[in-house]
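Student: I would like to learn how to read a few features of a protein model. Could we go through them one at a time?

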Amino acid sequence: MDHIILNTRVAPEWVDYNGHMNDAEYARVFSYAVDAFWEAIGLDEAARDATGVTTFTLESHICFLSECPEAEPLTVKLAILDRDAKRFHLFFALYRADDTLAATSEQMLMAIDRETHRATAFPEAVATAADRYGQRNSSDWPPQAGRTIGIRRR
């Protein structure tokens, strides 16, 4: 079950010498999508201040699939692949206006106690709010999920 989590547009300053969105800017868009997800499930700045819980990204993997020119409208969809009390394994898909899949980002994110900088459980209200996003069955993961990087040898 995928949910639209962010709508944006390729900003002029994101375009590189190749005439399309720079690779670092894909990471920026996915970072904005993570922030939008936290806000959607109640872990915005005020909640982080009130609970003392923040989040760290443990791992991120981007697959670049299509160029995005300046001013291109972009939509990011979210799927929860897995989660436990302290972690979310998320999958984001970035689409161009014509529904071309432009990039994906698989991320592992963890709840962190601001004082100790150690892992902690997400607040109950946040965990409950995340329930409405469902969770994909592992047999239904996108082909870009769970990949490793390596040069294929014959």
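Student: Is E45 buried or exposed?

Tutor: First, keep in mind that this is a predicted model. Exposed means over 50% relative accessible area, and buried means under 20%. E45 has a relative accessible area of 56%, so E45 is exposed.

Student: Where is E45 placed?

Tutor: E45 is in helix α2, which covers residues 45–51.

Student: Which residues form a negative surface patch?

Tutor: Asp and Glu count as negative. Here the patch is made by D35, E39, D44 and E45.

Student: Let us turn to strand β2. Is T54 buried or exposed?

Tutor: T54 belongs to strand β2, residues 53–64. Its relative accessible area is 16%, so T54 is buried.

Student: What does T54 touch, not counting residues up to four places away in sequence?

Tutor: Contact means heavy atoms within 4.5 Å. With that sequence limit, T54 touches R48, M110, A111, I112 and R114.

Student: And C63, is that residue buried or exposed?

Tutor: C63 also has its place in strand β2. C63 is buried, because its relative accessible area is 8%. Not counting residues up to four places away in sequence, C63 touches A102, A103, T104, Q144 and R147.

Student: Where is R96, and which residues are in contact with R96?

Tutor: R96 is in strand β4, residues 87–96. Leaving aside neighbours within four places in sequence, the contacts of R96 are S66, E67, C68, P69, E72, P73, L74 and A102.

Student: What is the phi of D99?

Tutor: D99 has a positive phi of about 70°, although D99 is not a glycine. The loop between β4 and β5 holds D99.

Student: Why does D99 count as exposed?

Tutor: D99 counts as exposed because its relative accessible area is 60%, and the cut-off for exposed is over 50%.

Terms used: Residues are numbered from 1 along each chain as its sequence is written. This is a predicted model: local features need pLDDT of at least 70, side-chain atom pairs count only at pLDDT 80 or more; totals for chains, interfaces and linings use all residues. Side-chain values use heavy atoms; hydrogens and water are left out. Patches are made of residues with over 30% relative accessible area and no salt bridge: like charges are joined within 9 Å, nonpolar side chains (Val, Leu, Ile, Met, Phe, Trp, Tyr) within 5 Å. Accessible areas come from the Shrake-Rupley method with a 1.4 Å probe; for residues, only the protein chains shown count as cover. A salt bridge is a side-chain nitrogen of Lys or Arg within 4 Å of a carboxyl oxygen of Asp or Glu. The place of a charge is taken as NZ of Lys, CZ of Arg, CG of Asp or CD of Glu. Helices (H or I, at least four residues) and strands (E, at least two) are DSSP runs, numbered from the N terminus. Buried means under 20% relative accessible area, exposed over 50%, partly exposed in between (1.4 Å probe, protein chains only).
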